[in-house]
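Here are a few notes to go with the model, jotted down while looking through it. Have a look at the structure first, then read on.

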Amino acid sequence: MSDITAVPQITLLQWTSRADWEANKAYLLAAFEKIQASNARTNVGGPHLVILPEAFARFGAGEAAQGKYAEELGQGPIQDFIADCCRRFNFWILAGTMAIRGGERYAAASLLFDAHGELAARYDKIHLFDASVNDNTKSYRESAFTKPGNKLVVVDTPFGKMGLAVCYDLRFPEMFRALRAQGAELITLPSAFTKVTGEAHWQPLLQARAIENQVYLLAPNQTGTHDDGRETWGHSMIVDPWGRISATLASEPGFITFTPDFNELEELRGRMPVQQHNQFEVTFLND
Ligand SMILES: O=C(O)CNC(=O)[C@H](CS)NC(=O)CCC(=O)C(=O)O
């Protein structure tokens, strides 16, 4: 007897990524198995997207180690592992961000793999976090080792039209406007928001971007104290187009799963057509 419901599902994964890739790889494998087991328990089939946080493969290894796990696009153990897991578990995986080579600095690339392990999209983080925060890390200089991206990415998937953004991008509403203008229904935001700024800004910014653009915001965050003492905020969150929190985590590692409701999204956009009412145009300064 088969009574499997085939609905698209999206899962956000949150944990404390370590400096060492092998440790993160082991964590991921166990987590993918748990997600698959919970599908089996609830008899849910259909396409399944798993979204990992920013810098999932290594975190807090110090700036000098940034290049250690950087890979050429399409080759290397981290991408191979993710692609293998796609096939093995029948998941699409948005590999938060990882360092992809290309010149002197690395791109903080958010790579989307389909269930065959093929690359379906690549977004390079545009806004880089060069800021001082009153925490034990004090000053962040992401641009010292990262080359900013200059392309907006919206991709059609079995989960809806996905716009790709990362972490600090959240503070730049014009970018989210532009993603919505290009058709985004969901916006992914793999993050490593700091504990200090996350506590103050994470939830209201996510809700604002979701409400003003009438999109789902899917934001898995790093959590806890990393190997270099850096602290991240956790509280991974799915916010719906009305601004409701569909699911969230606290500070512990874990995952949350949901199914988007595009009828509700269309109904909302019909009743309150903010996109048509908008009187301003967004310009991408890189164009
Ligand atoms: O470099 C790595 O290892 C991983 N990447 C990050 O942690 C990035 C760049 S330093 N963090 C952010 O963008 C935090 C933004 C933030 O916290 C805010 O906007 O308040």
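Two residues count as in contact here if their C-beta atoms, placed from the backbone, lie within 7 Å. Keep in mind that this is a predicted model.

1. Let's start with helix H1, residues 21-42. H1 has 22 residues and reaches 32 Å from its first C-alpha to its last, close to the 32 Å expected at 1.5 Å a residue.

2. Which residues of H1 are buried? They are Asn24, Leu28, Phe32 and Asn39. Looking down the axis of H1, the buried residues fall within an arc of 75°, so they line one face of the helix. Their packing partners are strand S3 (44-45), strand S4 (48-51) and helix H2 (77-89).

3. On the face turned away from the buried side you'll find the exposed residues Glu22, Ala26, Ala30, Ala37, Ala40 and Arg41.

4. On to the ligand. There are 13 residues around the ligand, and Ala55, Phe129, Tyr168, Ala192 and Thr197 come nearest. By type, the shell divides into eight nonpolar, two polar and three charged residues.

5. Last, proline 148. Proline 148 sits in the loop between strand S9 (139-141) and strand S10 (154-157). With 15 other C-beta atoms within 10 Å, proline 148 is partly exposed. Setting aside neighbours within four places in sequence, proline 148 is in contact with Lys125, Ile126, Leu128 and Ser143. Glutamate 199 is 51 residues from proline 148 along the chain, and their C-alpha atoms are separated by 26 Å.

Note on methods: Residues numbered from 1 in each chain as written. Predicted model: local features only at pLDDT ≥ 70, side-chain atom pairs only at ≥ 80, totals over all residues. Helix = DSSP H or I, 4+ residues; strand = E, 2+ residues; numbered from the N terminus. Expected span 1.5 Å × (residues − 1). Buried ≥ 20, exposed ≤ 12 C-beta atoms within 10 Å, placed from the backbone. Arc of directions from axis to C-beta. Near = placed C-beta within 6 Å. Nonpolar A, V, L, I, M, F, W, Y, C, P; charged D, E, K, R; others polar.
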